[in-house]
Amino acid sequence: ESPYDAYLMGHAGTAASAALGIAMGDRMQGKKRYSVAVVGDAAVGCGVRGFRHAAPAAGRAAGPGPLVPMKGARTRRGAAEPARLPEPLPPPFAMDASLVLLLTEAEAALAGLSAAGIAADTALFAPACAALEALHSCRLAGMDVGLQDLYHAQLGAVARDDPRAMAGVMLWRTAVAFQRGYARIHQRPFDLALVDAVRAWLDAGEVAVASADEGADAIAPALDLLPAQRIGLEAWAHFAADEREWLPPLVRCALLQAQLEALALPDGRDGRLARVLAPLYLAARRQLAVPVWFVSAYWQAHRARYRARLRQALRDGVWEPWLEFFLLGVRGAARSALIHLHDLARLREVLLRETRGIPNAALLVDALFVNPCTSVARTAQAVGRTLPPAAALIDALCDRGLLCEITGRRRTRVYA
């Protein structure tokens, strides 16, 4: 049925065993390609011996097996599927002297950012950096959004008939996915479970607007994948975990980001999934010690080159320009994040000095770094007081010119 078919066989057990033999032969010859057995789900029991051998062999648990068993992989003739999977990783490329120098500079910039971030209160400043990363990632995906959309969605201060509501919620979820993923990466490995969790956070599903009482936990499940996409994603995760062929973490991260964009997952087609997972991989490899990252600002500023370098790598197999562009972005983003971190620390000192003498003002200042938009109810929650003291605190900051009401409403007011 296809020029890529090795042959047709009427028994699932034979198909699974044949695919296993082809995969083992490719491994012995050093070939990097996929072997896929298309079988009916009711007949997979015939190939259980082949699937048993598809798991990592005893004593080699660190490496993936040559076959990837799939559960629930149903399709029908004529269904829309990708024409082909991207080439397996790693691709052939050469690290010349200029790329090695650029890699060294990018690693040094990340190390400097990590050292400065550990010394600073990154838990306070990380939400602002996550918001910037989400903003530029969504704009790179073609969304017309601003930071105010994210903060209004976080507050639940959007109307259900607002055309910008969905974009604001998607922007908010992109920021939440990065923060939640970074918190999780120190407790669990970088694997498909993490990828599925991030996909679920990014997928807006049927929820158009998140209300204040729904909160960030009201998420829809991630969209189902086609069989070929799941195979590609599992191979992608195996390459991320496979340390038998050593590559610098930044180089492997660049390959992973490009490959994930090539898979065109239904909830990651716009590239947001790849751009969220890239810093999480660096965090898992101890290259990014603090969640202060907004490299998508560089991608957005050079979006034409971003698309062109990806096309060169994925379509033409020329990976060196993409690696150079990726390393330039990481180096520039790390240096910019370091400056941004110092600016935020100085801004906090100024605000604390300006609000000295106002009860509970320091607690509200710290809450405003998480979301510069607030309400009386949110302020009461942040400072641990009832509504009247919270309203008085907002009035005091408004009198000093540090806050102002931005909705013009008489009720359910929002201040920034």
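A polar contact is a pair of N or O atoms within 3.5 Å; within protein, one must be able to donate a hydrogen and the other to accept it, and residues adjacent in sequence count only if both atoms are side-chain atoms. This is a predicted model, with local features needing pLDDT of at least 70 and side-chain atom pairs counting only at pLDDT 80 or more. Residues are numbered from 1 along each chain, and side-chain values use heavy atoms.

**Exercise 1.** Find the polar partners of the Arg275 side chain.

*Solution.* Start with the location: Arg275 sits in helix α10 (residues 272–284). Next, check burial (under 20% relative accessible area). Arg275 is buried, at 2%. Now list the pairs. Its side chain meets that of Ser137 at 2.9 Å. A second polar contact, at 3.4 Å, goes to the side chain of Tyr306.

**Exercise 2.** Describe how helices α5 and α6 meet.

*Solution.* Take the axes, which are lines fitted to C-alpha atoms over the stretch in contact. Those of α5 (residues 147–155) and α6 (residues 165–185) come within 8 Å and cross at roughly 85°. So α5 is roughly perpendicular to α6 (65 to 115 degrees). Then name the residues in contact (heavy atoms within 4.5 Å). Helix α5 supplies Asp149, Leu150, Ala153 and Gln154; α6 supplies Gly168, Val169, Leu171, Trp172 and Ala175. Sort by class: six nonpolar, two polar and one charged.

**Exercise 3.** Where do the buried residues of α14 lie around its axis?

*Solution.* Identify them: in α14 (residues 361–370), Ala361, Leu364, Val365, Leu368 and Phe369 are buried. Look down the axis. The buried residues of α14 fall within an arc of 150°, so they line one face of the helix.

Conventions:
Helices (H or I, at least four residues) and strands (E, at least two) are DSSP runs, numbered from the N terminus. Buried means under 20% relative accessible area, exposed over 50%, partly exposed in between (1.4 Å probe, protein chains only). Axes are lines fitted to C-alpha atoms, for helices over the stretch in contact, and angles run from 0 to 180 degrees between N-to-C directions. Angles under 35 degrees count as roughly parallel, over 145 as roughly antiparallel, 65 to 115 as roughly perpendicular and the rest as oblique. Ala, Val, Leu, Ile, Met, Phe, Trp, Tyr, Cys and Pro count as nonpolar, Asp, Glu, Lys and Arg as charged, and the others, Gly among them, as polar. The arc is that of the directions from the helix axis to the C-beta atoms.
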